[in-house]
Structures are given as structure tokens and as C-alpha cells.
Amino acid sequence: YDNTFRISPSLSNAGASEETKALYQFLCDQWGSQILTGQYVSDASNKELNLIYSMTGQLPAIRFSAVGTEDDLPQIEAAIDWHLYQGGIVGLMWQWNAPGTDSVYAEDTDFVLSHALRNVDVKQLSQVTYEEAERAAESGSIMPDTLQLLYDIDEIAAKLTYFKNMNIPVLWRPLYEASGGWYWWGAFGEEAYSVLWELVYYRLTDCHALDNLIWIWNGQSETYLVPSDTYDIASVDVYLQPEMEYGSRYEQYQSLARITNGEN
């Protein structure tokens, strides 16, 4: 296989913090020589990490967890502690419930993303204050569903600000597995998904000045690929059943390399 890759030496956000740049450089330095392990934790108790430590005497490099509910504070505090006291890397995925619901699944909501983002100027919308957006919704300039998207993005921005204020860089993985169609953010096609991705990216980066994020795209499909200047790392999820052989998954690796043209 052709293993010629063009890894960008810099992050998509030119204003990234020094700590975030340092983490990205550390990740780049591992390229081709080492693999960093990570573990998803289901709650703030870190039971998965504790089990790994009890069995191996070691801890993974990355602690992954989800944010996006009203009960996020314990997870946020645990992630901060992981970085401060263990020197570990923080990874967060956004479990974004469809606006007005308590589910991420398209089948559980009647929210139509393609309608909410119809004729939206992403760059302009990403820069307005929420108060300006409220007035625009009242006047009919934007749809109420569009306003709800901004509300949710601003809510998650407030949670990510905890990490920014403590100079903690975050491996940030929103809008994942979009091409599968089971999550609402991917169920309305690649065009609506791409517009939403850019809205989230520019609102968090430019409007909220979150300079501590390393953006991970995980659309799982070439048709859902977003602009290369709006993400830093391409990733793919691999599902294995217990009876399957847990060997190299080079097929998925090569597929992702082809999708991204060997970049990011």
C-alpha cells in the first residue's frame, strides 16, 4: 500500500493555544512509530480505567467521554482531573440530542436538519450573538429550528470553556458516524451535514474563541467529507463482535487514507 501521507504541520485553527499546538505536535511526533491507547469511560467513576489499571498496572494515554446532557458536570470535572493529576489527554465526543428531544437517533425525532439550514449563510450565522439570532427568529429571518441549533451549540461551548479556562486541550469529536444515517445530524444527507459541521466549527472557533480544540472528523464516508480546513484528524469507527478475530484493521485504515487523500 502507498503510505505517503501529507500530515499538516499546523492546526485548522490558526489561533490555537500553545497547549493545543503542543498536543498536536506530540501526536504528530508519534506518527509512524507508536500507537497511543485510549479508553471510553461511561461515567465519572472511571471504572473502565480502574479496571485496566488493576489488570495491567498501566493507564491509557487518552480518556474519552461524552458530553451533551444536563448531567455533564461530573464528567467534565473527571476529565479535568484526568489531565491535571494523571497528565492524560482529554477526548470528548458530543452526544448531541436532536433539538427539543432527549435522543440522538433520527427515528426518535421529527426535527428536520435540512429545513433548519435551508438558505443559511454559515459564516454570517456563526458570528451573530444569540440575542441577534432571537430577533431574527422573531422577524422570520431565520427559522425557530435554526435558533435551536444555535442555542445547543452555545450550550456546548459553555461546557468546553471550562477546559479552555484551564488551558486544557481537547480532542474534540462532534457529529460522528454521520453517513450511517441513524443519528439525526447525518440522516438528511451529506449537504445538510456539511453545513451543520461548518456552522459548529465556525461558531465554536470564531464566535466563542475556543482555541483549545483539536477537531476530529468521523463521517465514515467520502460523501460526508467536510472541508479539510475545518478539521485536524480524520478517524473511523470499527465495530467488532466478540467472536471476531481482533487483528489488524488495515482495510479501514487504507479506506480512510483514500477518502482523505492521505491528509489530516
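Which residue in S3 is the bridge partner of Ile 62? The bridge partner is Ile 89. The model is a predicted one, in which local features need pLDDT of at least 70 and side-chain atom pairs count only at pLDDT 80 or more, while totals for chains, interfaces and linings use all residues. Residues are numbered from 1 along each chain as its sequence is written, and side-chain values use heavy atoms, without hydrogens or water.

**Sheet**

- Six strands form an open sheet in the order S1-S2-S3-S4-S5-S6, with parallel pairing; strands (E, at least two residues) and helices (H or I, at least four) are DSSP runs numbered from the N terminus, and two strands pair if DSSP finds at least two bridges between them.
- S1 and S6 each have a single partner strand and stand at the edges, so one side of each has no neighbour in the sheet.
- S2 and S3 run parallel and are joined by 6 bridges.

**Nonpolar cores**

- A nonpolar core is a set of buried Ala, Val, Leu, Ile, Met, Phe, Trp, Tyr and Cys residues joined through side-chain atoms within 4.5 Å, where buried means under 20% relative accessible area (1.4 Å probe, protein chains only).
- The largest nonpolar core has 62 residues, and Trp 96, Trp 172, Trp 185, Leu 196 and Leu 204 have the most contacts inside it.
- Helix H8 (residues 190-207) gives the most to this core, with 9 residues.
- Beyond its neighbours within four places in sequence, Leu 196 is in contact (heavy atoms within 4.5 Å) with Trp 96, Leu 113, Leu 117, Leu 149, Leu 175, Trp 184 and Trp 185.
- Another core, of 10 residues, lies apart from the largest one and includes Ala 16, Leu 23, Ile 62 and Ile 216.

**Pockets**

- A pocket is an open set of points on a 1 Å grid over the protein atoms alone, where a 1.4 Å probe fits, with protein on both sides within 12 Å along at least five of seven lines; lining residues have an atom within 4 Å of a point.
- The largest pocket holds about 2,000 Å³ of space, a volume being the space filled by probe spheres set on the points.
- Its lining has 44 residues, with Ile 35, Leu 36, Ala 234, Ser 235 and Val 236 nearest the centre.
- Among the elements giving two or more residues to that lining are helix H1 (18-30), strand S2 (62-67) and helix H9 (250-259).
- The second largest pocket holds about 360 Å³ of space.
- Of its 17 lining residues, Gly 68, Thr 69, Asn 97, Asp 152 and Glu 155 are the closest to its centre.
- Helix H7 (residues 144-165) supplies the largest share of the lining of the second largest pocket, 6 residues.

Definitions and conventions. Buried means under 20% relative accessible area, exposed over 50%, partly exposed in between (1.4 Å probe, protein chains only).
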